[in-house]
Amino acid sequence: MAKVNRRNKPYQFLGESIPPGSKQVIELEAAKLYTHSPLSIPVEIIHGAAPGPVLMVNAAIHGDELNGVEIVRQLINAIDPTKLKGTLIAVPIVNVFGFIHKSRYLPDRRDLNRCFPGSEKGSLASRMAHTFFSQVAQNCDYIIDLHTGAIHRTNLPQIRADLSNPETLRIAQAFATPVILDSPLRNGSLRSEAEKSGITVLTYEAGEALRFEPIAISAGIVGIKRVMQAVGMMRMSRKKLPTSVIAKSTSWLRAEADGILRTVVSLGDRVERGQVLAYINSPLGNVEVEIKANKGGIVIGQQTLPLVNEGDAVFHLAYFTQRDHMVEQVVGDFIEEVIDTDLEPLTTGQLMPPSPA
Ligand SMILES: [Zn+2]
């Protein structure tokens, strides 16, 4: 059989032409500092030798959410453009202002993830959202938006997506975190606005702000590669996909007292209705208030700071129609699999990653 010539065309991006089978770093000018130093969003285009879909993987729309920054770095090093079908747009830091200040927000105290699609004449946040949305996001067929919990709050690796879209559901299951949340679209978020323009979007949530967490990072890389296989960008692995379980609903348990928090469960644990999950103590004396589960479920998020005020959200529980011990087993298998995956070791002293093939 004659070999069909499936050579890709060059990829046009911000006035640059990127040849098939190559990588290129491009700076997207987003704003300026007071000093007039330009502030740009670094973008790496990995343009495959063969044609295929365009996938963007972006992190740090909330500037203090760092696990995704490391996921993008490792992903770039792991992808060989000569073997890639389609185009990977890697954006490790979207909210460059927030990143510099180790802050979730922009200098105008707005949340970038409530400002999409943005406008040219709007606030600082709205202008940045507009630049990023119109110049980068809208060129994509698929987006994976990487997040972590807020500061002092950590999440079990989970996918949040609008599962009423069959393609979104398909790639959410391909990502295969143990828990998937069917999460309604929130106006102004990248996920919601991109879905409205016909782009399939997943939000990956894992770990805590201002931290590098090996499990959250490894699970992210493994999941993105599985999505790339599912959309035809990489060769399919023969390995069977691990099971994901779709949560029926979730809720937050709040502190009913102020004080010092001692938690007795951790992420992924199965809890039963009435079970004590944490104690809130006064610094002296024997005042002790319990936080109890109101229903049986799985811990998918929790506060890490051992201090609480009344009303603080301490545990995020997910509820399932399947029996919870089955879900707990899925979470356990997932963590084992991620630990076993042979990825780059994460040591603080690490200098350079291995160079790509
Ligand atoms: Zn976030």
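What is the volume of the second largest pocket? In this predicted model, the second largest pocket has a volume of about 430 Å³. Fifteen residues, given here as 15, line the second largest pocket, and Lys83, Leu84, Met233, Met234 and Arg235 are the closest to its centre. By class, the lining of the second largest pocket comprises 7 nonpolar, 2 polar and 6 charged residues.

The largest pocket, for its part, has a volume of about 760 Å³ and is lined by 30 residues, among which Arg114, Arg160, Ser183, Arg186 and Glu205 lie nearest its centre. Its lining divides into 7 nonpolar, 12 polar and 11 charged residues. At least two residues of this lining come from each of strand E7 (142-147), strand E8 (153-161), strand E9 (179-182), strand E10 (200-208), strand E12 (249-254) and strand E19 (313-319).

The model also contains a zinc ion, which is coordinated at 2.0 to 2.4 Å by ND1 of His62, by Glu65 through two OE entries, and by ND1 of His147. The angles among the 4 donor atoms run from 56 to 147°, and the site of the zinc ion is accordingly classed as irregular. Along the sequence, the donor residues follow the spacing H-x2-E-x81-H. Because His62 belongs to the loop between strand E5 (50-59) and helix H1 (67-78), whereas His147 belongs to strand E7, the pair ties together parts that are 85 residues apart in sequence. Both histidines are shielded in the sense of the accessibility classes: His62 is buried, with a relative accessible area of 4%, and His147 likewise counts as buried, at 5% relative accessibility.

Definitions and conventions. Residues are numbered from 1 along each chain as its sequence is written. This is a predicted model: local features need pLDDT of at least 70, side-chain atom pairs count only at pLDDT 80 or more; totals for chains, interfaces and linings use all residues. Side-chain values use heavy atoms; hydrogens and water are left out. On a 1 Å grid over the protein atoms alone, a cavity is a set of points where a 1.4 Å probe fits but cannot get out, and a pocket is an open set with protein on both sides within 12 Å along at least five of seven lines; lining residues have an atom within 4 Å of a point. Grid points are joined across faces, edges and corners, and a volume is the space filled by probe spheres set on the points. Helices (H or I, at least four residues) and strands (E, at least two) are DSSP runs, numbered from the N terminus. Ala, Val, Leu, Ile, Met, Phe, Trp, Tyr, Cys and Pro count as nonpolar, Asp, Glu, Lys and Arg as charged, and the others, Gly among them, as polar. Donors are N, O and S atoms within 2.8 Å of the metal (3.2 Å for Na, K and Ca); water is not among the atoms, so sites may look incomplete. Four donors count as tetrahedral if all angles lie between 85 and 135 degrees; four count as square planar and six as octahedral if opposite donors are over 155 degrees apart and all others between 65 and 115; anything else is irregular. Buried means under 20% relative accessible area, exposed over 50%, partly exposed in between (1.4 Å probe, protein chains only).
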